[in-house]
Amino acid sequence: MTGLDKYELIDQYLEGTLSVQEQARFDSMLSSDPALAEEVELQRIANSLIVENKLANIKTRLRENHFGKQKPSSDPRSGTKGWIIGSVLVLLSAIALFFILHNKKPESKALLPTQPNETLAEKQPEVKPLPSEADKNKPMDTTSSAAAAPVPEEKKKVTAIPEVKKEENKTPSGKSEMQIQKIADVEITGNCYLTFSRNITINPSCAGRSSGSIAIDPKGISGGTMPYEIFINGNKLTNPYIYSNVPAGKYLMTVKDAGRSCTDSLEISVPVKKFCKE
Amino acid sequence: MGQERESNKVIQDDAAIILSIKEGKDDHVLSTLYKNIYPKIKNLVLKNSGTVEEAEDIFQDAVIVFYRYVQTGRFKEEYDIDGFIYGVSKNLFSKYINKKRRREDFDFAGNIPESAEGDLLENIITKEKENILHNLVGQLGDRCMELLTHTVFYKLSMKEVCEKMGFANENVAKTANYKCKQRLMKMVKDNPSLIEIFRN
């Protein structure tokens with residue numbers, strides 16, 4: 001059976017379009033083949049993600065078209081104000097790119113404070129229409145928005161981005177509904193320059209329980225010498241680099257490069273999950 | 001007579017909305033729902049000392065629950081859309097208020113469709129989910145997600161997918177769909193926290 005055949009069989013199984021006999025045969029295959037069972041589960045979750053994504057998209061569109069609000073997570077393609085968000089994203093990527101380039105040349109570190117500000121100043125006109133809208137957003141709506149946060153305070157424009165970066169870096173704790181922390185291209189402090197350019201996925205924990213987790217993608221680390229060792233609160237993580245079953249709170253992630261000559265740390269907050277089953 | 005015509009009209013309107021959802025005319029559906037139903041939700045929330053922002057949130061969540069019911073075929077013909085969204089909103093708002101005030105004495109006895117009650121909160125799209133999904137689409141690519149939405153959400157045939165996305169033939173579309181799905185599955189596999197959140 002080729003991959004595609006197997007995929008289509010699973011698809012039919014999940015859609016419930018197999019005949020009674022086929023269904024029975026598939027069920028018996030499932031109980032004797034854990035790898036197949038895992039694949040079915042993955043395919044089912046992938047389908048569910050696709051549906052959820054479409055629904056999230058509809059919600060964004062409703063919000064943007066009728067309630068005149070933008071969110072960091074909104075789809076730039078949908079809604080009349082998508083272009084504003086798009087331009088802010090472009091701006092952020094430009095800065096992210098700067099950090100990547102900068103990391104490759106540690107000697108250019110002195111340029112850090114000026115260059116991103118210039119980039120920001122050039123882009124200013126594009127974000128002007130936003131403040132009045134953004135001000136209306138209630139706290140619930142402004143959860144952890146790297147894209148929206150720089151906008152409301154026009155006077156602080158030039159320094160806004162570095163501040164946001166710092167906030168993202170240090171205190172995600174106030175953002176209880178956030179699960180993926182975009183810690184993109186933020187240099188974490190240490191005795192050399194390691195850069196984190198991918199996401200750290202944080203799963204909030206139900207209050208009073210240890211149901212949170214932190215997942216780290218080591219491919220996102222650059223600088224120093226590979227392979228890296230990753231620690232959270234001093235506990236070394238091994239592939240797949242997940243620190244799970246933890247209560248809400250602050251955790252210290254430490255990355256050491258090969259030879260441990262280069263060490264960087266980053267504080268990560270696991271927030272409290274809002275809706276938990278009793 | 002007049003009343004009968006009125007109720008016939010409602011049924012026709014409802015059928016038109018359901019059809020529009022299936023055809024992906026979301027903007028049309030959303031404006032209709034916003035125009036016809038949102039004022040009632042706003043009224044409900046404000047009358048119970050809620051804010052306009054809360055009304056907006058509740059309405060958005062209720063519309064998503066409605067969409068989800070339609071997509072999964074759980075939205076029965078005998079439901080009327082207006083009543084369904086109003087009932088779901090009422091229920092969501094009472095859950096929200098109970099959470100907020102941490103007391104149980106604020107209880108709406110509503111005419112909510114039975115099946116909508118149980119896992120209502122699992123039917124909404126939380127902000128955490130939105131953030132995760134946004135990120136995921138970023139990794140997967142827009143075109144892949146568009147293709148997968150056609151096949152999984154709208155359950156279009158490969159022939160229809162070809163027409164919508166300009167693939168050369170059905171085999172090309174099928175292969176592309178397979179590859180996109182495999183990539184998404186790989187992302188899920190590599191990220192166990194996704195499994196926990198989207199398992200239900």
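**Figure 1. E8(A) and K174(B) pair across the two chains of a predicted model.** E8(A) is partly exposed, with a relative accessible area of 26%. Here buried means under 20% relative accessible area, exposed means over 50%, and partly exposed lies in between (1.4 Å probe, protein chains only). K174(B) is also partly exposed, at 27%. The two residues form a salt bridge, with their closest N and O atoms 3.5 Å apart. A salt bridge is a side-chain nitrogen of Lys or Arg within 4 Å of a carboxyl oxygen of Asp or Glu. The pair runs from helix α10 of chain B to helix α1 (residues 3-15) of chain A. Helices (H or I, at least four residues) and strands (E, at least two) are DSSP runs, numbered from the N terminus. Side chains of opposite charge can pair when their charged atoms come close.

In this predicted model, local features need pLDDT of at least 70 and side-chain atom pairs pLDDT 80 or more, while totals for chains, interfaces and linings use all residues. Residues are numbered from 1 along each chain as its sequence is written, chains are lettered from A and ligands numbered from 1 in the order written, and side-chain values use heavy atoms, without hydrogens and water.

**Figure 2. K54(A) meets D26(B) in a salt bridge.** The N to O distance is 2.8 Å. K54(A) lies in helix α3 of chain A and D26(B) in helix α2 of chain B, so this pair joins two chains. Both K54(A) and D26(B) are buried.

**Figure 3. E41(A) and R44(A) pair within one helix.** Both lie in helix α3 (residues 34-66) of chain A, three residues apart, about one turn of the helix. E41(A) is partly exposed at 23% relative accessible area. R44(A) is partly exposed at 31%.

**Figure 4. Salt bridges and polar contacts span the interface of chain B and chain A.** The contact (heavy atoms within 4.5 Å) takes 60 residues from chain B and 61 residues from chain A. About 5900 Å² is buried between the chains, and carbon and sulfur atoms give 61% of that. Buried area is the accessible area (1.4 Å probe) that two parts lose on being put together, summed over both. Nine salt bridges cross this interface. In one of them, E52(A) meets K129(B) at 3.4 Å, N to O. K59(A), R63(A), D61(B) and E130(B) are linked in a network of salt bridges. Of the elements of chain B, α7(B) gives the most to the side that touches chain A, with twelve residues.

**Figure 5. D14(B) sits in helix α1 (residues 2-22) of chain B.** At 14% relative accessibility, D14(B) counts as buried. Its side chain reaches the backbone nitrogen of I81(B) at 3.0 Å. Leaving aside neighbours within four places in sequence, D14(B) is in contact with Y79(B), D80(B) and I81(B).

Technical notes: A polar contact is a pair of N or O atoms within 3.5 Å; within protein, one must be able to donate a hydrogen and the other to accept it, and residues adjacent in sequence count only if both atoms are side-chain atoms.
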